[in-house]
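The following paragraphs give a guided reading of the model shown here. Please keep the sequence and the structure in view while reading.

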Amino acid sequence: MLIRILLRRPPHAAGKRFQDLAFALAALLTPAAVIAFTISCWSVAADLHWTTNFFVTSGLFSHWQVWLISAAALFLAARLLNRYAERQQSLAP
């Protein structure tokens, strides 16, 4: 007779926790990307004098390019986290 004693968690238990965390972070990053894109549009409109002054008048974040790149990076991170979590879900037994 063979008896196995498990001294640590099964590998899929830790994966489930990371999958839930990845889904949660992706759910938070997507609205942040939309907000950053909206701010970049507002900055472009302020540069063209279509709206009032932009709320950041000097510094790095006063440029619309920074906000647009931030929005793209946030959206990409959310997309990658969603793909990771879905892949972990399909690998689960």
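**Ser43 and its surroundings**

Leaving out residues up to four places away in sequence, Ser43 touches Phe54, Ser62, His63 and Trp64, where contact means heavy atoms within 4.5 Å. This is a predicted model, in which local features need pLDDT of at least 70 and side-chain atom pairs count only at pLDDT 80 or more, while totals for chains, interfaces and linings use all residues. Residues are numbered from 1 along each chain as its sequence is written, and side-chain values use heavy atoms, with hydrogens and water left out.

Ser43 is found in helix α1; helices (H or I, at least four residues) and strands (E, at least two) are DSSP runs, numbered from the N terminus. Ser43 counts as buried because its relative accessibility is 1%. Buried means under 20% relative accessible area, exposed over 50%, and partly exposed in between (1.4 Å probe, protein chains only). Between Ser43 and His63, 20 residues apart in sequence, the C-alpha to C-alpha separation is 7.0 Å.

The overall plan of the chain can now be described. The secondary structure of the protein chain comes to two helices and zero strands. Of the 93 residues in the protein chain, 20% are buried. Among contacts between residues at least 6 apart in sequence, 58% join residues at least 24 apart. The accessible surface of the protein chain is about 7500 Å², and carbon and sulfur atoms account for 68% of that surface; accessible areas come from the Shrake-Rupley method with a 1.4 Å probe, and for residues only the protein chains shown count as cover.

The interior comes next. In soluble globular proteins, nonpolar side chains tend to be buried together. In this model, the largest nonpolar core has seven residues: Ala36, Ile39, Ala46, Phe54, Val56, Trp67 and Ala71. A nonpolar core is a set of buried Ala, Val, Leu, Ile, Met, Phe, Trp, Tyr and Cys residues joined through side-chain atoms within 4.5 Å. Helices α1 and α2 are the elements that give two or more residues to this core, and the largest share, three residues, comes from α1.

Rings of Phe, Tyr and Trp (its six-membered ring) pair if their centres lie within 6.5 Å; planes under 30 degrees apart count as stacked, over 60 as edge-to-face and the rest as tilted. By this rule the count comes to five aromatic pairs. The pair of Trp42 and Phe54 is edge-to-face, because the ring centres are 5.2 Å apart and the planes stand at 75°. Since Trp42 lies in helix α1 and Phe54 in the loop between α1 and α2, this pair ties together parts that are twelve residues apart in sequence. Trp42 is partly exposed, with a relative accessible area of 32%, whereas Phe54 is buried, with a relative accessible area of 8%. Phe61 and Trp67 form a tilted aromatic pair, with 5.5 Å from centre to centre and 50° between the planes. Phe61 counts as partly exposed at 42% relative accessibility, and Trp67 counts as buried at 16%. Trp42, Phe54, Phe55, Phe61 and Trp67 form one aromatic cluster.

Phe61 is also a contact of Val66, a residue of helix α2: Val66 touches Leu60 and Phe61, not counting residues up to four places away in sequence. Val66 is buried, with a relative accessible area of 19%. The C-alpha atoms of Val66 and Ser40 are separated by 7.9 Å, although these residues are 26 residues apart along the chain.

What of the surface? A nonpolar surface patch of about 600 Å² is made by Phe37, Val44, Leu48, Trp50, Trp64 and Leu68. Helices α1 (11-47) and α2 (64-91) each supply at least two residues of the nonpolar patch. Trp64 lies in helix α2 and counts as partly exposed at 31% relative accessibility.

Finally, His49 is placed in the loop between α1 and α2. Its phi is near 60°, a positive value in a residue other than glycine. His49 counts as exposed because its relative accessibility is 69%.

Technical notes:
Patches are made of residues with over 30% relative accessible area and no salt bridge: like charges are joined within 9 Å, nonpolar side chains (Val, Leu, Ile, Met, Phe, Trp, Tyr) within 5 Å. A salt bridge is a side-chain nitrogen of Lys or Arg within 4 Å of a carboxyl oxygen of Asp or Glu.
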